[in-house]
Amino acid sequence: MITSTELENLMAYATGTENYYRYNCGNEILITDGVKIFAENAEAFWFLNDFCIFMPKWIKKTEEEFFSIKLIVKNGKGDMIISDGNDKPLYKKHYSYTDCPNGEWLFFYDNYSKVLMWHNEY
């Protein structure tokens with residue numbers, strides 16, 4: 001399993017994307033190279049699944065087009081917090097267990113283009 005430091009070092013190179021990948025778990029989105037690298041190395045495809053499944057519920061709550069998604073992991077537990085463009089929380093889910101490395105992992109979602117990206121790819 002990858003450590004937090006190893007994942008942070010790996011993600012430091014995700015500063016842009018060359019490819020977009022279709023990801024479908026009920027609602028199709030596009031993910032960037034950085035998101036794919038994160039999900040593969042942190043073994044966090046569950047995060048993408050939950051994002052896709054719950055996305056329609058919180059998107060209807062706002063007219064914003066751009067969202068931030070924080071995945072906060074500490075000691076094997078985690079929280080996914082989705083906020084609008086003004087840092088107003090729209091949705092939160094707690095995970096009582098995850099093997100994702102500790103850290104605060106930040107992503108952005110553009111609802112207009114349906115792209116989920118690593119924060120440095122924006």
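Leaving aside its neighbours within four places in sequence, which residues is Leu116 in contact with? In this predicted model, the list is Ile29, Leu30, Ile31, Thr32, Val35, Leu48, Phe51, Ile69, Phe107, Phe108 and Tyr109.

Leu116 belongs to the largest nonpolar core, which has 35 residues. Together with Phe38, Trp58 and Tyr109, Leu116 is among the residues with the most contacts inside this core. Helix H3, spanning residues 45–59, supplies the largest share of the core, with eight residues.

Now turn to the sheet. Seven strands make up an open sheet with mixed pairing, and their order is E1-E2-E7-E6-E3-E4-E5. Strand E1 (20–24) and strand E5 each have a single partner strand, so these two stand at the edges, and one side of each is left without a neighbour in the sheet. From one strand to the next, the twist averages 25 degrees. As background, strands of a sheet pair through backbone hydrogen bonds, and the pairing is either parallel or antiparallel.

E1 pairs with strand E2 (residues 28–32) in the antiparallel sense, over five bridges. In this pairing, Tyr23 stands opposite Ile29 in E2. Helix H2 packs on the sheet, where H2 touches E1, E2, E3, strand E6 (103–110) and strand E7 (115–118). The direction of H2 makes about 90 degrees with that of E2.

H2 itself covers residues 33–41, and its buried residues are Asp33, Gly34, Val35, Phe38 and Ala39. Just after H2 comes Glu43, which takes a positive phi of about 50 degrees.

Next, look towards the other end of the sheet. Strand E3 (residues 66–74) and strand E4 pair in the antiparallel sense over seven bridges. Here Val73 stands opposite Gly78 in E4. The hairpin of E3 and E4 has two residues between the strands, and in this hairpin Asn75 takes a positive phi near 55 degrees.

E4 (residues 77–83) also pairs with E5 (residues 89–95), again in the antiparallel sense and over six bridges. Two positions show how the strands line up: Asp79 has His94 in E5 as its bridge partner, and Met80 stands opposite Lys93 in E5. The hairpin of E4 and E5 has five residues between the strands, and Asp87 takes a positive phi near 60 degrees there. E4 is mostly covered, as five of its seven residues are buried.

Aromatic rings are another feature to follow. A search of the whole structure finds 14 aromatic pairs. One of them is formed by Phe38 and Trp118: the ring centres are 6.1 Å apart and the planes lie at 20 degrees, so the pair is stacked. This pair links distant parts of the chain, with Phe38 in helix H2 and Trp118 in strand E7, 80 residues apart. Both Phe38 and Trp118 are buried.

Trp46 and Phe47 form an edge-to-face pair, with 6.4 Å from centre to centre and 75 degrees between the planes. Are these two buried or partly exposed? Trp46 has a relative accessible area of 23%, so Trp46 counts as partly exposed. Phe47 is buried, with a relative accessible area of 1%. The rings of both pairs come together in one aromatic cluster, made of Phe38, Trp46, Phe47, Tyr95, Trp105, Phe107 and Trp118.

Finally, consider the cysteines. How many disulfides does a search of the whole structure find? The search finds zero. For Cys25, the closest cysteine sulfur is that of Cys52, and because the distance is 6.0 Å, the two are too far apart for a bond. Cys52 is likewise in no disulfide.

Methods
Residues are numbered from 1 along each chain as its sequence is written. This is a predicted model: local features need pLDDT of at least 70, side-chain atom pairs count only at pLDDT 80 or more; totals for chains, interfaces and linings use all residues. Side-chain values use heavy atoms; hydrogens and water are left out. Two strands pair if DSSP finds at least two bridges between them. Helices (H or I, at least four residues) and strands (E, at least two) are DSSP runs, numbered from the N terminus. A nonpolar core is a set of buried Ala, Val, Leu, Ile, Met, Phe, Trp, Tyr and Cys residues joined through side-chain atoms within 4.5 Å. Buried means under 20% relative accessible area, exposed over 50%, partly exposed in between (1.4 Å probe, protein chains only). Contact means heavy atoms within 4.5 Å. Axes are lines fitted to C-alpha atoms, for helices over the stretch in contact, and angles run from 0 to 180 degrees between N-to-C directions. A disulfide is a pair of cysteine sulfur atoms within 2.5 Å. Rings of Phe, Tyr and Trp (its six-membered ring) pair if their centres lie within 6.5 Å; planes under 30 degrees apart count as stacked, over 60 as edge-to-face and the rest as tilted.
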